[in-house]
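Q: I would like to learn how to read some features of a protein model. Could we go through them one at a time?

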Amino acid sequence: MRLEFIRAAGAEHCPDEQFLRAETARQMGGVDPYDANAPLTMTASIEHRDGELVGSMFLRDGNGRGLWADGFSSRKDCRRLVAAMALSIAVLLDDAAELPAAPAAPAAPAKTAEQPVPPQEPCSPDQPCPPQAAPAKSTTPAPLETPPARAPQSSAPPVPAERFRWVAGVDAVVGLGSTPGFSVGPALSISGRWPAWSVALEVRALSALAGKIEAVDVSVSTITTDVVFCLDRRILFACGLAELGVLRAAPSVPFDAASRWNLGAGMGVRAGIASPLARNVSARAHAEVVHPVVGAAILRHPGAPTPERPVWSAPALAVALGIGLRMNL
């Protein structure tokens, strides 16, 4: 058969056509079954679909009529996936008698030569009629009924699909609203990933770029812990998150204390896009909006008996943009 091998987007790291040829020949005891001039065509393709590597095989004749099909999937082991495809093809060829054969031309009816019959003498009492020969039995065998063709059952072992994995991540984040002005910093995460959804624990540390509040030099930073639940659809994902954190403000000229810690909590949503870079590494970018349930604030005189207007308080919405990498563990 002639071989067509296709690696679609997302499967570039998989073994190439030469590996499939060599593995098929190895399964068949060193015999290479592929021939560029053969009438049958085997199309083998690998693509990245719904977070899995999917391998498909399709055999057709010279008229494009399908004769056989099979397929496997794997979460990350593409080499094993191609080896399973080669084994399935070898099993098919080892039992090639089950492939549909081209219909045979109907047998032409046998032609009987007309023999001249000599004239017979009329029968009489003095000349009895000769005995008549019995009609000859036909020696042509009755045509056999060809059983309907069926696709062979592949005995190739299925490639197990991974259902759960751990994923570690690192991001660079830019925020607005969690501190006075813009803030930047890193975020680290660890998540459990299923085929269609994930849950992650994320720790983020941001420092404010603004150095003054009401003409006073103040160093402001925040540390937050987020629990993030996401739904994943191909390269897109959407999440809901719960956030708990503290805000630290340390003025160089004390308002009333060297530094203060303020507790904050919020609920929000996140959406983004992910793209694979290598076998176990992908890049991600996301945007999020968080509404503070408990808003942090910076007071000029914390603990004063008379309530005062805060010099800064968390706005109704805080936004953030992040970009980073994810690695399957």
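Q: Which hand does the disulfide of Cys-230 and Cys-239 have, and why?
A: A disulfide is a covalent bond between the sulfur atoms of two cysteines. Keep in mind that this is a predicted model. The torsion about the S-S bond of Cys-230 and Cys-239 is about 100°, so this disulfide is right-handed. The sulfur atoms of Cys-230 and Cys-239 are 1.9 Å apart.

Q: How many disulfides does a search of the whole structure find?
A: The search finds two. Besides the pair already discussed, Cys-14 is joined to Cys-78, with an S to S distance of 1.8 Å. The S-S torsion of Cys-14 and Cys-78 is about 110°, so this disulfide is right-handed.

Q: Which residues make the nonpolar surface patch?
A: The patch is made by Val-174, Leu-176, Phe-182, Val-184, Leu-209, Val-269, Val-289, Leu-317 and Val-319, and covers about 750 Å². Strand E5 (165-176) and strand E6 (182-193) are the elements that give two or more residues to the patch. Take Val-184 as one case: this residue is found in strand E6. Its relative accessibility is 35%, so Val-184 counts as partly exposed.

Q: How many helices and strands does the protein chain have?
A: The protein chain has two helices and 15 strands.

Q: What share of the residues of the protein chain counts as buried?
A: The share is 34% of the 329 residues. For the surface, the total accessible area of the protein chain is about 19,900 Å², and 62% of that area belongs to carbon and sulfur atoms.

Q: What share of the contacts join residues at least 24 apart in sequence?
A: Count the contacts in the protein chain between residues at least 6 apart in sequence; 60% of them join residues at least 24 apart.

Key:
Residues numbered from 1 in each chain as written. Predicted model: local features only at pLDDT ≥ 70, side-chain atom pairs only at ≥ 80, totals over all residues. Heavy atoms only, no water. Disulfide = S-S within 2.5 Å. Patch = residues over 30% accessible without salt bridge, like charges linked within 9 Å, V, L, I, M, F, W, Y side chains within 5 Å. Areas by Shrake-Rupley, 256 points an atom, 1.4 Å probe, with all protein chains shown as cover. Salt bridge = Lys/Arg side-chain N within 4 Å of Asp/Glu carboxyl O. Helix = DSSP H or I, 4+ residues; strand = E, 2+ residues; numbered from the N terminus. Buried < 20%, exposed > 50% of the residue type's maximum accessible area, 1.4 Å probe, protein only. Contact = heavy atoms within 4.5 Å.
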